[in-house]
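Let's take a walk through this one, starting at a single side chain and then zooming out. Have the viewer open and follow along.

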Amino acid sequence: MSQIQPPPGEPETALEAQYHYRVIARALRVIDAAQDAGQSLSLPDLATQLGMSTAHFQRVFSAWVGVSPKRYQQYLSLSLARELLARRMPLDAVADAAGLSGSGRLHDLILRWEAMTPGEFAQGAAGMVLSWGRFESPFGPVLAVATPRGLCGLAFTAETGFDAAFADLAARWPGARMIEDAEAIRPWVMAALSGHGEAALTLIGAPFQIKVWEALLAIPSGQVTTYSEIAAAIGHPTAVRAVGTAVGRNPISLLIPCHRALRKSGGLGGYHWGLPVKRAILAHEAARAEAG
């Protein structure tokens with residue numbers, strides 16, 4: 001789970017939080033573009049590009065990401081996936097993923113989740129009203145969708161575009177009515193993005209998909225696994241391709257951490273919302289895990 005902590009001191013106003021999310025989102029885009037070009041930016045260079053003083057940018061970035069811009073750039077390297085795989089922890093604990101209680105504490109975030117019943121899944125949530133809204137995050141703009149029970153969709157839209165992401169999430173609930181109401185779901189979304197508080201999730205999918213998603217929920221922040229290890233852990237060692245498909249169909253990004261599933265070869269593999277987002281999240285989590 002991404003642990004993006006607010007700066008110390010007085011609680012932020014909504015306007016301050018939005019400003020900081022935008023600063024960090026821009027900083028991550030600039031750093032990622034430089035990495036793609038084989039460059040490493042100095043702190044003054046980064047601050048200049050963001051129109052901020054060096055000291056102010058350093059404080060904001062370190063408080064929200066948890067490490068300095070220089071340290072973050074060291075993690076945002078093309079060899080990141082192999083480095084994470086080399087030091088990963090065994091997945092023995094994931095073997096019991098199918099028996100998860102439906103709740104858990106991920107650092108300062110408490111997650112509660114429940115799956116729709118097979119009947120509700122078959123009916124496509126006929127008659128249900130879903131709320132949706134647009135939000136800012138350090139990894140780009142976010143589309144969030146929720147049932148009355150909890151978040152059922154969280155999509156990063158920078159790569160796919162808003163319309164495509166909306167159509168994708170809405171198609172999973174063909175019988176539901178979608179209404180825009182960001183304020184109704186804001187507490188869950190802010191908890192998810194900040195890593196603090198409590199968020200509820202509603203999972204809708206075939207039983208095999210939900211089993212894979214529950215296994216993903218067992219992978220700690222800063223750790224990764226492979227598709228084949230997930231397949232073995234849930235009792236279907238030959239179903240690697242099906243596991244990969246289920247991982248890719250996860251509608252709740254970040255909280256159900258499909259970004260922590262990598263290829264056995266050490267490649268990043270795919271990511272439904274774009275590989276730049278996956279690489280940024282992994283680098284962020286790895287840096288924070290080492291920083292403690």
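In which helix is the place of Asp168? Look along helix 7, which covers residues 162-171, and you'll find Asp168 there. Keep in mind as you look that this is a predicted model.

Now, is Asp168 buried or exposed? Its relative accessible area comes out at 17%. Buried means under 20%, so with 17% Asp168 counts as buried. As for who sits around it, leave aside residues up to four places away in sequence, and Asp168 touches Arg249, His272 and Trp273.

Next stop: helix 3. This one runs over residues 54-65, twelve residues in total. From its first C-alpha to its last, helix 3 reaches 16 Å, close to the 16 Å expected at 1.5 Å a residue. Which of its residues are buried? In helix 3 they are Phe57, Val60, Phe61, Ala63, Trp64 and Val65. Step off the end of helix 3 and you land on Gly66, where phi is positive, near 100°.

Time to zoom out to the whole chain. Altogether there are twelve helices and nine strands, and the chain has 292 residues, of which 52% are buried.

Technical notes: Residues numbered from 1 in each chain as written. Predicted model: local features only at pLDDT ≥ 70, side-chain atom pairs only at ≥ 80, totals over all residues. Heavy atoms only, no water. Helix = DSSP H or I, 4+ residues; strand = E, 2+ residues; numbered from the N terminus. Expected span 1.5 Å × (residues − 1). Buried < 20%, exposed > 50% of the residue type's maximum accessible area, 1.4 Å probe, protein only. Contact = heavy atoms within 4.5 Å.
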